[in-house]
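Here is a short report on aromatic pairs and strand pairing. Look at the sequence and the model first, then read on.

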Amino acid sequence: MSDVATRRPLPALMSVSDQAAKRLKALYEGSHQGQLLRISVGTRGCSGLSYEMNFVTEPQPADERVEDQGVTLLVDRKATLFLTGTVMDYEVKDLESGFTFKNPNEKGRCGCGESFHV
């Protein structure tokens with residue numbers, strides 16, 4: 001018998017929905033060619049944390065690379081604790097459209113939807 005404990009697989013850091021992948025591909029092929037979307041978590045709003053997204057040309061030394069559905073994202077290593085298992089989606093509504101996050105780590109959101117807490 002081996003003394004090594006059997007480990008269960010870790011959940012993916014993040015995944016991307018079909019709609020989010022389609023939108024990211026369009027952005028990467030258009031106005032953000034040569035850039036990657038970088039996701040981080042900052043402090044803001046009444047619940048304390050918010051998702052931050054920026055297009056960058058170079059990853060930070062500690063960034064995690066997420067590859068899913070044929071697209072690549074960068075995730076700030078400090079945000080991984082808050083984002084593990086998150087699904088990034090892209091929603092189109094009557095008056096707005098944008099990327100959204102389905103995060104299993106969220107314990108609640110503020111009333112205006114600007115921030116969340118874990």
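## Tyrosine 28 and phenylalanine 55

Tyrosine 28 is buried, at 13% relative accessibility. Buried means under 20% relative accessible area, exposed means over 50%, and partly exposed lies in between (1.4 Å probe, protein chains only). Phenylalanine 55 is partly exposed, at 26%.

## The model

This is a predicted model: local features need pLDDT of at least 70, side-chain atom pairs count only at pLDDT 80 or more, and totals for chains, interfaces and linings use all residues. Residues are numbered from 1 along each chain as its sequence is written, and side-chain values use heavy atoms, leaving out hydrogens and water.

## Aromatic pairs

Rings of Phe, Tyr and Trp (its six-membered ring) pair if their centres lie within 6.5 Å; planes under 30 degrees apart count as stacked, over 60 as edge-to-face and the rest as tilted. The count is 3 aromatic pairs. One of them joins tyrosine 28 and phenylalanine 55: edge-to-face, 6.4 Å centre to centre, with 85° between the planes. Tyrosine 28 is in helix α1 (residues 18–29) and phenylalanine 55 in strand β3 (residues 48–56), so this pair ties together parts 27 residues apart in sequence. Helices (H or I, at least four residues) and strands (E, at least two) are DSSP runs, numbered from the N terminus.

Tyrosine 51 and phenylalanine 101 are stacked, because their ring centres are 4.2 Å apart and their planes are at 20°. Tyrosine 51 lies in strand β3 and phenylalanine 101 in strand β7 (residues 97–102), 50 residues apart. Both residues, tyrosine 51 and phenylalanine 101, are buried.

## Strands β6 and β7

Strand β6 (residues 86–92) runs antiparallel to β7, with 6 bridges between them. Two strands pair if DSSP finds at least two bridges. A hairpin of 4 residues connects β6 to β7. Glutamate 91 stands opposite glycine 98 in β7.
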